Amino acid sequence: DDERAWWKEATVYQVYPKSFDDSDGDGVGDLPGLIDRVDYIDELDVDAVWLNPVYESPQADNGYDIADYRAIDDAYGDMSDWEQLRDELHERGVRLIMDLVVNHTSDEHEWFQRSRREVREYADYYHWVESEPDEPPNDWESVFGGPAWSWDDEREAWYLHLFDEKQPDLNWANPDVRESVYDMMAWWLSKGIDGFRMDVINLVSKAEGYPDGGPDSDGAEHFMNGPRVHEYVGEMVDEVLDDEAVLAVGETPGVSVDDARRYVGEDGDGLSLLFQFEHVTFDHGEHKFDADEPDLVEFKEILAKWQDGLADDGWNSLYLNNHDQPRMVSRFGNDEAYRRKSAKLLGTLTHTLGGTPFVYQGEEIGMTNAPFESREDLRDVEVRNYVESAVDDDDGHADSYEDVREAVEAMGRDNARTPMQWADDDHAGFTDGEPWIDANPNYTEVNVERARADPDSVLQYYRDLAALRDRDLLVYGDFELLVPDHPNLFAYTRTLARERDDESGTAANATDAPARERALVVLNFDDEPTSFEVPPDMTVDGLELALANGEVPAVPGRTLDLGPWEARVYLTP
Ligand code: TEU
C-alpha cells in the first residue's frame, strides 16, 4: 500500500506519563514535567507523541481504568496543562495521539455507578448477568488472572471484566454506549488531537449468551475479534474518524494477518494501523511468565509474514516494547556486555522494516529490565496477581518469591514502567520526592545526560535512524527477507521503483539512473561474530554504507564480517 499518509512517514514516541518526569515532587510523573521535556522529544526528530492515559482514574491499572473521560487526573495536572502540552507539541510540529480506553471503564465511572443502581438509561451499559452469587455465568478468565466475572452486591448480579474487577466491560451491543463513546471521541478531536490509540479495540464484541470457553481456553474465542466487532469499529470510523489525517491505531491482541486486513485493509473498517502481538507473544509458554529465550528464526518468520501480509493492503506498526512489554534490549538483545550495540541493532530493525516505528520512552537510551528484589517492589496489578497466585495460593507452583523472581524480572510489566532515566541524580532525576516505583539502579550509567555527551550513545544513533527514515525507500520500499533459516542473522532488502518520485509521469528509465533503489539491512543477533554473503544480484562496488553501529571496512567484500550485535544498513542500486 503506497498511498502517502503522514502517519506512514512518521515515527511515534510513546510517553508513559506516570514514569516520565515528576515536576512537583509527589513521586508521580505529570504533565508539567512532560511539558518541560518537549524539547527533548523534539530533538529526537519524532513526528508524534502517543500519550498513555492521563484521564481521571483511581489507578487500579495505571489509568486504564477511567472514571471520567473528559477530565485530567489530579496527579497529572489539569486540562489547562494538557492544552499547554498540545500547543507546545504542535508548535514544534509534533502531533498528539491520545489513548482511547473504551472496552471498559473504571467501576468508579458514573456510568457504572448508575448501571449498578439500575438507573434506567444506564442499566444495560455493562454486561450484567443475574444468576446465583456462587456461580459465575461462564468460565471466562480475566487477563490479569482469576474469573472474568465479579458479583456486585448492590445490583445482586454478575458483571463482566476481562481485566481487573475495577475495569467493568462496556456493553457495546447497546447503541447508547456506542453513541456515548463516539461523542466523547468527537469532543477530544474538537480539542485538536491528531489521533487515538485504541486499547484492546478488538475485544469490544462479546458472543451473545456468553458461552463457555472451549477446553483449555480462557474464553477468548468468544470476545477476541468477536461477532460484531467489525460492525462496531466500522461504525466508529464512519461517525468520528472519517478525516484521513486522524491516526487510528488499534491495539489488537490475538489478531492474525487476515484479521488485521479486516481492520486496516482497503475493504476493512478504516483503522490506520494495528498493534499485533505475534512477535511479542511467541516466546510465551503456557502463560507469559514461563517464557523461553526468543528464537530468531521464528521471530524473523513472524515479522516477515506481517511485512508480506500487509504489503499491498494495510500498513504495519513496528514496535518491540511498550508499557506492557519487557525492555527490548533485555528480551531480544544483550543488556549486559552489548547493551548499547544491541539496543542500536534493535532500533535499526524497527526503523528499517516497512511500517510506522513506535519508540517507547527510554528505548532511545537503551534502558533495560530492572531488578525487583522483593515482591514489595512490584506495582503492576498483573504481576502482583501472578506472584500471589504462584506463591500464596494452595495450588501455586512456588514456595517463595525467590522461585518466581526470575520470571517476574523477565516478563513483568513493571520493567517498562520504572522512571525515565534523565541523569545520575537521586531517582534518576525523575523526582525530588519518593518515586511511585523505584528507578532502575543502572541509572548511574544509563541516562539521558550521559547519552547526550557521548557521540557513540544509543541516543545519537536514534537521531541517525530518524534521518535515515526520511527516505521514501525506507517508508515505501518492498520488503524481502534473506537467509530466513540463519540462526543469528536477520537480513533483508527494501526496494523501491524510482518512478514513484517522478510526479510528472515521464518514465524514470528515460535517464541513466537505475530504475530502482534498494537498501540492504544486515543484523547480527548474537554475541559471536558471523558473516553474510552479499546476494549475487547485488554489486559489491555499489554498496554504500548508510548507517552502522560499529567500525566498518571502507571497501566491503562479497562477504561481510559482522561482529557481535553489529547492524549495517547499505544503500545499493
Ligand atoms: O493491554 C492489553 C493486553 O491485552 C495486554 O497487553 C495486557 O495488558 C498484558 O500485557 C497481558 O500480559 C492494554 C493496555 O496496554 C494495558 O496497559 C492495560 O492494562 C490493558 O489494556 C487493560 O486496559
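These legends go with a handful of close-up views of a predicted model.

Because the model is predicted, local features need pLDDT of at least 70 and side-chain atom pairs count only at pLDDT 80 or more, while totals for chains, interfaces and linings use all residues. Residue numbers start from 1 along each chain, following the sequence as written.

View A. An unreviewed UniProt entry puts "domain: Glycosyl hydrolase family 13 catalytic" at residues 14–417. UniProt positions use the numbering here, with feature names shortened, and annotations may be inferred rather than shown by experiment. The end C-alpha atoms of that span sit 12 Å apart, and the span is 30% helix and 12% strand. Helices (H or I, at least four residues) and strands (E, at least two) are DSSP runs, numbered from the N terminus.

**View B. Around the ligand.** Here 13 residues surround the ligand, and the closest are Asp61, Tyr64, Phe163, Pro253 and Asp324. A residue makes the list if its C-beta atom, placed from the backbone, lies within 6 Å of the molecule. Sorted by class, this shell holds 6 nonpolar, 1 polar and 6 charged residues. For the classes, Ala, Val, Leu, Ile, Met, Phe, Trp, Tyr, Cys and Pro count as nonpolar, Asp, Glu, Lys and Arg as charged, and the others, Gly among them, as polar.

**View C. Helix 11 against helix 12.** Helix 11 (residues 381–392) and helix 12 (residues 401–411) have axes that come within 10 Å and cross at roughly 145°. Axes are lines fitted to C-alpha atoms, for helices over the stretch in contact, with angles from 0 to 180 degrees between N-to-C directions. From helix 11, Val383, Val387, Ala390 and Val391 meet Tyr401, Val404 and Val408 of helix 12; contact takes C-beta atoms, placed from the backbone, within 7 Å. By class, that's 7 nonpolar residues, no polar and no charged.

View D. An open antiparallel sheet of 3 strands runs in the order 6-8-7, where pairing takes at least two DSSP bridges between two strands. Strand 6 (128–129) and strand 7 (149–152) are at the edges with a single partner strand each, so one side of each has no neighbour in the sheet. Strand 7 and strand 8 (residues 157–160) pair antiparallel over 4 bridges, with Trp149 partnered by Leu160 in strand 8.

**View F. The hairpin of strands 14 and 15.** These antiparallel strands are joined by 5 bridges, and Leu481 has Tyr492 in strand 15 as its bridge partner. The hairpin leaves 6 residues between the strands, and Val483 in the turn has a positive phi of about 30°.

Conventions
Two residues are in contact if their C-beta atoms, placed from the backbone, lie within 7 Å.
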